[in-house]
Amino acid sequence: MLIPCPHCGARLSEEFVCHGDATRQRPAYDASDEAWTDYVYLRDNPAGAHREHWYHAAGCHAWLVVTRDTRTHQIIGVEVAR
Amino acid sequence: MGYSAFSLLKNALTGHRHWRPAWRDAAPQAQYDVVIVGGGGHGLATAYYLARVYGVRRVAVVEKGWIGSGYAGRNTTIIRSNYLLPGNIPFYELSMQLWEGLEQELNYNAMVSQRGVLNLYHSDAQRDAYARRGNAMRLHGVDAELLDRAAVKRMLPYLDFDNARFPIQGGLLQRRGGTARHDAVVWGYARAADRLGVDIIQNCEVTGIRSEQGRVVGIETTRGFIGAAKVGLAVAGNSSRLAAMAGLRLPIESHVLQAFVSEGVKPLIDTVVTFGAGHFYISQSDKGGLVFGGDIDGYNSYAQRGNLPVIEDVCEGGMALMPMIGRLRLLRHWGGIMDMSMDGSPIIDRAPVDGLYLNAGWCYGGFKATPGSGLSFAHLLATDTPHETATAFRLDRFGRGAVIDEKGQGAHPNLH
Amino acid sequence: MSGQPFRLVSGGLVDRRQSLRFRFDGQDYEGFAGDTLASALLANGVRLVGRSFKYHRPRGILTAGPEEPNALVELRSGARREPNTKATTVELYDGLEAASQNRWPSLAVDLLSLNGLLSPLFVAGFYYKTFMWPAKAWEALYEPLIRRAAGLGRASGEADPDAYEKSHAFCDVLVIGGGRSGLAAALAAAREGKRVIVADEDTRLGGRALTRPGDADALAAMLVELAANPRVTLMPRTSVFGVYDGGVYGALEKVSDHLPEPAPFTPRQRLWKVIAHESVLAAGALERPIPFADNDRPGVMLAGAVATYLHRFGVVPGRRAVVYTSTDEGWQLAADLYAAGVTIEAIVDPRGAVAEAVQAGVVASGARRLIGARVVRALGGRALRGARVVDAHGQTVTLRCDLLAVSGGWTPNLALTHHHGGKPRWDEVLQSFLPGAPPPGMRVVGRAAGEGLAPLVDLPAPPAKGKSFIDFQHDVTAADIRLAEREGYRSVEHVKRYTTLGMATDQGRTANLNGLMVLAEARGAAIPDVGLTMARPPYAPVAIGALAGPHRGRDFRPTRLPAAHGWAVRQGAVFVEAGQWLRAQYFPRAGETDWLTTVSREVTTVRSSVGLCDVSTLGKIDVQGADAAAFLERVYINGWASLAVGRARYGVMLREDGFVMDDGTTARLAADHFILTTTTANAARVFQHLEYCHQVLWPTLDVQLASVTDQWAQFAVAGPRSRETLARLVDAPFDLANEAFPYMGAAELTIGGGLPARLFRISFSGELAYELAVPARYGEAVAAAIMAAGADFGICPYGTEALGVMRIEKGHAAGAELSGQTTATDLGLGRMLSKTKDFIGRRMAERPALTDPARPRLVGLRPLDPAARLRAGAHLVALADPADAAHDAGYVTSVAFSPSLGQWIGLGLLAGGPDRLGERVRAVDPVRGGPELLLEVCAPCFVDPEGVRLRV
């Protein structure tokens, strides 16, 4: 599998670490218990397009948001997280 | 007709014409006491114990494809109860004890083979961690022994002791651990459940979960609506998809785990061995193939296949451990969908929706739990209370912080 | 050629001038360069090459390629022995040795063939119905017998002596299959200027064209043009075995398998990871057998294979042939065999009619032409001697033959198209499966796409009686499939698993379609409705050693050496793995007979004088920017904004779920510049976490991070005389006095006359101590300089063991306590948790299960018996409690022999720990069979609890 890093070009996935769901938003400190449990533990886990974080550990160290279809592994889009 | 050497002989003499189907390919009825979604090992075992132990008779197992086509048909067949944490040990030990009598219980040879599971360690710190785990097992009455290097070498002389990057220092052995033939487990439970009147409905995919006034009343399927007082989900890697039909999100990510088998050779490896300095474990099936595997690929997947980096990693681990397998050939590799939970431990609990019950989060360790999971889930479905060995497997444990985190990796499913 | 009775005088692509000797089952033979082991055996008249898996039936060569189910040999001997090697894929070389498998005592006389008499018992799935009584007999008796009977060849049991390489290749078009269609696609792409790779598993490119003399010139022309093109790479002996995501293909090149052994510095095989923009699959077609009773006798072969042996190898596999074919091509084979001097007894064709033009070719042979007829049984035992046929009128005819060439027609070789789950589609015209949706980027050409294939005709059903083999290698008969269906294993997947059809090393290539045919008939369904099992990678079995490649033995993982490693070697250190690092564990001196003596000496030296330890492996992260302090506030549980420049502070980081992730000491060198340290084991994880926080969570903070673990060598100089030691190194005007540079100071300075360095007055040992950081390339020199500076004080180097003893004496948490299952409060660090700021993990750390006072918490443990040896991993129970799960109160995390106390001590996690100081508990260690120990629970600090020595 190749991850198209915007800085480095398409690189083999072994250069990266996948960190999961990129749609989560860290709640404010005083948000509800439910909001915090949701953030830390619950996932949509879709069978289909998934926005997820990949970290280019053996390359430019950029965190990327990759949209990938979890049924086919096809990469639909990539952007830099920051 | 029962299975035995005698009935086999009798049928051999009559051209095997009189064997009956191992289970009926049942058509759905309008209403059941319990519908279990998922015709894998866990779902079928649940149905069996519901009928056999709890006397619940109007039970259906609904399977989108053919029974055993998911995790149950793809795993690497290891059974063991060598866990660390008190939330896990009694449950897996219950399962282990059920394995020990399973063939007789089901009258189907599941080929349970207690040939030992040896976890190797390669450092003092790892030794101490294994000692902690072994002692936890022993305090729970489960068999465990800590072997030193010499003892491991006597047991498995073909391991690399001399040229290893991370020399073997010893291992934690559970002699009662071993393997079982995965397909036979599915078919054995199916046949036994069917004989007790359970309807096994194949090629029936759930498309929705119907609720009325806040309570589940049944499932929508490709073969019509099926009414049920209780619906239990036992769909492993597809748990999030099914739960979403009831408006629920779960602490689960679905990941691909790859598994491997070599060409069949004469007996070579008698024990189940796991490598301690990399992700690799191996055993030899009764058909002669070496069955082995390693880590998950690391990214969400429903594709049931993985990529080369893990394949290479697994084979590197294998060669590091036993370089004699170098000239044996990988015959087939495949992938399954693992329901990786947020603490690496399972969920057997009522869902927040009345009438809906969850059995999920098995990560890549669900096969060994098959009998225990079936019994516990049946208990929950029948009595609405958790089985005494499964009380820790609650969904709300994440909110409370009572996570059962064997590896200490936290809320990172791909690290469990 | 007198030694090769079945070799033609001329013809084929073998080189009759190069004679090769080989040995099979202890007998010597000759073949020619260009032979496979199979063709050479056939040339020598060797037909019996193996025994089948279950029934031990005599078996011969069925095919001429990797779809071979029967001719499996143990190739080579000793450590290089490879079981289950298909003789049809082995390139013959001089001195080759091979042996048949799965027979005893010999291939000709195999006593286990008595299994065949019990075959009515040994039907598919029989073992699921029995072997259950008595219960203990399964493992004691039945299973060992089954395991001994299972498998075919024997592994060598010795380490693989050959080397394997891995490489990457990149191209625009990967052509998989070097036959005419593949080469044509390659040429088209090459002429457009694309980078092309052509891979073919065979020794030479050409595919079927190698068996058709008329195609030779056209083939040669294509190869010449391709070979001349610098953007084209031709890769024979290279099998593309898997299609992975993103245009990544796995391929295996057999670099040296055609040689007795690899040349020096040459791998046996090479694994290629090919990244291609597109691929063209030109894998050709597979021929299917026609099932009939005893269709596995040696001498029954696929017609296409007979053609290959004839035209490519110049071998006729028999003298008197019957051709049983449902294709016109089979008739051509009969004519070709006749032209080569073979007597054609008959051509049997189950079709209703055969065109006159097709029949014309065999008229001269005088063969009987039995059209609308079917073979019902092969006759013979260890060799074919005839065939029983039922003709169009229902009359039984017995034919004499030693060769029965069978063709049930050709179907596309789809396997690689399945690798991404693309189900094949049924073609009504061809009555065959064609590629469905292939993997992205792949298109299929040639016979693999169905081009040029004749529609398959309905084959006669296998007879009800007798063994009609469907899967030869696994001894699966048509009756087995019918039995499976009867027993409810009706889906193609269940049939496969129940009967093991298609699961052998030939991956069902000659079996799956016929299995489907029998199953469909048993179910009364159409073949497309029954479906086809999906082929899984690898396309052809791949040696595990090749997938592992060069990362073997000591090269399994990289070895990371700290900056002063050479110095440590010269000091005589004993080393230990710490992750991928190699760290000095202890430094024995002459006369010290065990590690405990050495380590105790090192500890004593540090506590009484001074010692030197290389701590370069701890993670170091440079944090800079206007918001650097604000950033640290958010990732650590304690405060940083107030830390003065020139000061260091101990910090603890949590995961977002509230459990401790890591700890370390972080120093402030300037308002906007911090140096953060981590434990050795967590360096990468912490850096990844910080980058996540920076780039994902708080991208607006002005902060930059750099991992500098490898850039700085860092040394602990510890002990009462450490100041005096360092005073001899630091350059003026830097003042080491306690007032000028107090405990937890941090400074940038120079040493040794101008070398830039950083000095941190931090202590893991509990003594007056410093850590000196210098650019990594000066590591060895600085280590030596420190040793020289402290020589007067009796300085000694100390390693990870002594480091561990001292930190346990002081109760500092390390790896065993930072298990990922402990909270800050568990470790006695709850006071550090800020109550005024948000930080990673704060909220979740407040959950009830994490703040429960009954949780196991950190304590010190001292055996009452000073001679007792405490061991980590032992569990703790209250004095009066039984040692069982209900009373399990915790466990011992770390132990050390303390020279300071003269006995073993430990740290542990005990339920309600800090509230139980002074209590006595028992350590139980059943897994090691050790005795129970009585322990006193004490505060987790055994030496200088007030920390006086730190501050002198």
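How many residues of chain C are in contact with chain B, and how many of chain B with chain C? In this predicted model, 115 residues of chain C are in contact with 111 residues of chain B, where contact means heavy atoms within 4.5 Å.

## Basis of the report

Residues are numbered from 1 along each chain as its sequence is written, and chains are lettered from A in the order in which they are written. Because the model is predicted, local features need pLDDT of at least 70 and side-chain atom pairs count only at pLDDT 80 or more, while totals for chains, interfaces and linings use all residues, and side-chain values use heavy atoms, with hydrogens and water left out.

## Chain C against chain B

Between them, chain C and chain B bury about 9500 Å², of which 55% lies on carbon and sulfur atoms; buried area is the accessible area (1.4 Å probe) that two parts lose on being put together, summed over both. Of the area that chain C buries against chain B, 9% comes from Y128(C), R147(C) and I544(C), more than from any other three residues.

There are 14 salt bridges between chain C and chain B, a salt bridge being a side-chain nitrogen of Lys or Arg within 4 Å of a carboxyl oxygen of Asp or Glu. One of them joins D313(B) to R557(C), with the closest N and O atoms 3.3 Å apart. On the side of chain C that touches chain B, helix α2 (residues 137-149) of chain C gives the most, with seven residues; helices (H or I, at least four residues) and strands (E, at least two) are DSSP runs, numbered from the N terminus. Sorted by class, that side of chain C has 51 nonpolar, 28 polar and 36 charged residues, where Ala, Val, Leu, Ile, Met, Phe, Trp, Tyr, Cys and Pro count as nonpolar, Asp, Glu, Lys and Arg as charged, and the others, Gly among them, as polar.

## Strands that pair and a barrel

Strand β16 (residues 329-341) of chain B pairs with strand β29 (residues 542-543) of chain C in the antiparallel sense over two bridges, and two strands are said to pair if DSSP finds at least two bridges between them. Within this pairing, L330(B) stands opposite V542(C) in β29(C).

Chain C also holds a closed barrel of six strands, which runs β43-β46-β45-β44-β47-β48 with antiparallel pairing. Two of its strands, β44 (residues 875-878) and β45 (residues 890-898) of chain C, run antiparallel and are joined by two bridges, and the bridge partner of H875(C) in β45(C) is Y891(C). Helix α5 (residues 124-139) of chain B packs on the sheet, where it touches β44, β45 and β47 (920-924) of chain C, and its direction makes about 45 degrees with that of β44(C); axes are lines fitted to C-alpha atoms, for helices over the stretch in contact, and angles run from 0 to 180 degrees between N-to-C directions.

## Chain C against chain A

With chain A, 29 residues of chain C are in contact with 28 residues of chain A, and the two chains bury about 2500 Å² between them, 54% of it on carbon and sulfur atoms. Three salt bridges are counted here, including the one between R26(A) and E656(C), whose closest N and O atoms are 2.7 Å apart.

## A salt bridge within chain C

Over all chains, a search of the whole structure finds 97 salt bridges, and in one of them the side chains of D35(C) and R7(C) meet at 2.5 Å, N to O. D35(C) lies in the loop between β2 (27-33) and α1 (37-43) of chain C, and R7(C) in the segment before β1 (15-24) of chain C, so the pair ties together parts that are 28 residues apart in sequence.
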